[in-house]
Amino acid sequence: MKRLLPMAAGLVALLGAASAYAACSISGSGDVSTLSNAFPVLEAIAGAMRECTGGPVKVTTKLTTENSAETTQALKAAKSPYGLVALTNGTITPAQAAGQLRPLNDFVAKYKAKYNIEDGMLIKFGNDVMAIAFQVNAQHLFYRKDILDAAGIAPPASYDEMLAAAEKLKATAGIEFPISGTYKSGWNLAEEFVNNYLGMGGAFFKDGTAEPAFNNALAIKTLDVMKRLVGYMSPNALALDTGASAQQFMQGQVAMGNMWASRAANMDDPAQSKVVGKIAFAAAPIITPGGKPATTLWWDGWAIPKNFDGDPELAFQVMMEGLKEDVVRANNDVAIWTRSVYKPGRFAIGTAASARAGAPPYPMVPQQSLAHDAIGEHIGAFLAGQASAEKVLADATASYIAAAKAKGLLK
Amino acid sequence: MNRRSFAGFVAPSVLAMLLLILLPLLGTAWLSLHESYVKTELAEVQTSVPLFGGMSRVEVRRVPQAVRDAAGIPVRVWNFVGLDNYANVLSLDRLRQALVTLSDATPGWGWQFYRDVTSIEFWGALEFSLLYIAATTPCVLLLGFAIALAVDATSRRVRGALIFASLLPFIITPVVGALSIYWLFLDNAVVNAALQGLGFAKFYFLSGAVPIRALIVLYGVWHATPFAFVVLYAGLQTLPQDALEAALVDGATAWQRLRFVIVPHLAPLFAFVGLIHVMDAYRVFEPVLVFGSNLYANSLQYMTYRILNSEDNYSKAAAASLLTVLGIVVLLIPILRRLWRERQAA
């Protein structure tokens, strides 16, 4: 009995937490499995989706940081075991181009009133609704307000200002490496290149084609700015992933940098941060005078695989149960939600400011992911001082061409 | 045993090998000789995406879209391409370029050529995979043997606990082990804090190829030594006591007993552990994923993973994995020949 009591208490607490939302009310029968990345907002959504298990319905959720690899396999297979997959602007385009997603127009029309599905949540290709977005995310400026104020430095609006601020902090405040960045060689580094190159006014492809156009003077200028920034980052910078970079902020080691909005709430979490309340947020810096903030806007959403081995209408209802307004209200601060019941707080400031100043969405063309990968494979060598900017851009272009030809995107 | 009953006994394992090894291998080979993708054509598409707070962005672009057949099903292309995927993985064209620049022999051309070749993905991955084998194998064997001797020399009471503790690194999931080591050596993490506490300057362990490769080797030794330990420790339990006693009577020193009795007795086990470790080490993956992501250290296995997931190219990944299998066979030939000769001699 003694042992049973705490167990029962735990169970009650669990049930209490779960019933923060109105109970799941869906019709139909069968199994729905979901596949997504793993971060706080997706955990909240998955929790609400699992509420729908009961009677003839069973919902299982899989959250994994390897989700993009697994999603690719599931969409390609003869039958997808997953009824719902989480996608982003980066991952939806290859799937959409290959015809692997089920258009959702009929379900949206049918359930629009029940779940208050708003136009701002719909990801559309032409007239087809291909996904329902729940949050936007972007990299933007994180800075230590206390340190910058003490040194009499205004929050940097451009990378030139950030470099000047870094030099000043190094000289006067004794901070050897004041800048942090998500510069881990590979996907993260390429993402920063995409941000900066688009901010510079560059384009990745010749207009309306899949022909590469990222080996040029603008790209070299972009790489030069990135190399100057690396000079003020920890010597480990090219091996630090997003988590390690966020850690640098939370441990109070760095003064500023371009960081994902989805990490903003962590900065004020006393359980993991030493700088609670000290970090402020602003638009991503501009990289060239008169340019747009050097960042790209991302969305995260859910889609239904065309090859789903189950009832897509049931899957759609489970999706909307996870995205209903109650879930947003109960988890307001863990994400920048697309729903209008969301009340933007201080963690949304940087993304909002970047969007208002005209930061572009991450390019939604299927060949972008191949270019992203090729760039991530090669530009690290330039930043590490192993090769020239001209060579790494030529290598990245060659890798892209080989990959795009193998996918039939280039002749 | 007559032929019939022999065949009856081996049939299940032969069948299992055919089904689980040969068939997938043939399938992979078949895949590697083809290219496969969904046929696309450029079409004007209007996309609409949310930005923030109800704002959304509408863009019209020419985007590759699937070509569909009469039934609306995307058309899949499946072409025989011969050895193109292999040439692609090996980057034969870039290798040729490196050879061309080789002809103007300036001082230091050998090093330059080596740098040029290893900057190509496959050859860089091969370089580090081989370096990793060369660095970890002797350490794993020596350290495993030393721990086995040490545990063997302790009293029976603590032995169980010691064996359990020594096996832990082997039990931990590789990617978790690699991540733990990565976290230990970050800027302000445990190791740096400890070093600074002892009065040393801060050291940036992830700042270049040399320290990162050293950390990956450290991880490899930490992870694989328990396997060598447990096999060699088992071997130590079968030492011929009479031979050892005879050596003692003859006045052999501890070193001589080790050198002339114990090590020869364990020789087949050393060969076995070496063989398994070389096969394992050639397929090093997790620490490269965690530490290197190819700038400082790449491996063939990581390369295959990248081709499969980032390039989303099954056929090229199949070619890469078959080249890996071929490499293992080449590496194992000397060890297998040695084992064969010993068997013949016995």
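This is a predicted model: local features need pLDDT of at least 70, side-chain atom pairs count only at pLDDT 80 or more; totals for chains, interfaces and linings use all residues.
Chain A has 16 helices and 10 strands in its secondary structure. Its C-alpha atoms fill a box of roughly 65 × 60 × 40 Å along the principal axes. A compact globule of 411 residues would have a radius of gyration near 22 Å, and the 23 Å of chain A agrees with that. Of the 411 residues of chain A, 54% are buried. Contacts in chain A can also be sorted by distance along the sequence: among those between residues at least 6 apart, 75% join residues at least 24 apart.

Domain 1 of chain A takes in 25-136 and 298-349, while domain 2 of chain A takes in 139-296 and 357-406. Their C-alpha centres are 29 Å apart. Where these domains meet, 14 residues of domain 1 of chain A are in contact with 14 residues of domain 2 of chain A. Helix H4 (residues 89-97) of chain A provides the largest share of the domain 1 side, with five residues. That side of domain 1 of chain A is made up of nine nonpolar, three polar and two charged residues.

Five of the five residues of S7(A) are buried, so the strand is largely enclosed by the rest of the structure. Met256(A), Asn258(A) and Trp260(A) point one way from the strand, and Gly257(A) and Met259(A) point the other way. Residues on both faces of S7(A) are buried.

Which strands are joined to S7(A) by bridges? One is strand S5 (residues 128-144) of chain A, which runs antiparallel to S7(A) and is joined to it by five bridges. Another is strand S6 (residues 179-181) of chain A, which runs parallel to S7(A) and is joined to it by three bridges. Asn258(A) takes part in both pairings: it is the bridge partner of Leu141(A) and also the bridge partner of Gly181(A).

The largest nonpolar core has 200 residues, and Ile45(A) and Val318(A) touch the most other members. Helix H9 (residues 209-236) of chain B gives the most to this core, with 12 residues. In soluble globular proteins, nonpolar side chains tend to be buried together. Leaving aside residues up to four places away in sequence, Val318(A) touches Ile26(A), Val32(A), Met49(A), Cys52(A), Val59(A) and Leu84(A).

Chain B has 14 helices and four strands. Is chain B compact or spread out? Its radius of gyration is 27 Å, well over the 20 Å that the globule rule gives for 346 residues, so chain B is more spread out than a compact globule. The C-alpha trace of chain B spans about 90 × 75 × 55 Å along its principal axes. Buried residues make up 28% of the 346 residues in chain B. Among contacts in chain B between residues at least 6 apart in sequence, 69% join residues at least 24 apart.

Chain B is divided into domain 1 (1-32), domain 2 (40-74) and domain 3 (115-345). The C-alpha centres of domain 1 of chain B and domain 3 of chain B are separated by 31 Å. Four residues from domain 1 of chain B and six residues from domain 3 of chain B form the contact between these two domains. The side belonging to domain 1 of chain B has two nonpolar, two polar and no charged residues.

Strand S4 (residues 122-125) of chain A and S2(B) run antiparallel and are joined by two bridges. Within this pairing, Phe125(A) stands opposite Thr47(B) of S2(B).

How values were computed: Residues are numbered from 1 along each chain as its sequence is written. Chains are lettered from A and ligands numbered from 1 in the order in which they are written. Two strands pair if DSSP finds at least two bridges between them. Domain bounds come from an automatic or database domain assignment. Two residues are in contact if their C-beta atoms, placed from the backbone, lie within 7 Å. Ala, Val, Leu, Ile, Met, Phe, Trp, Tyr, Cys and Pro count as nonpolar, Asp, Glu, Lys and Arg as charged, and the others, Gly among them, as polar. A nonpolar core is a set of buried Ala, Val, Leu, Ile, Met, Phe, Trp, Tyr and Cys residues joined through C-beta atoms within 7 Å. A residue is buried if 20 or more other C-beta atoms lie within 10 Å of its own, exposed if 12 or fewer, and partly exposed in between; C-beta atoms are placed from the backbone. The radius of gyration is taken over C-alpha atoms; the globule rule is 2.2 Å times the number of residues to the power 0.38.
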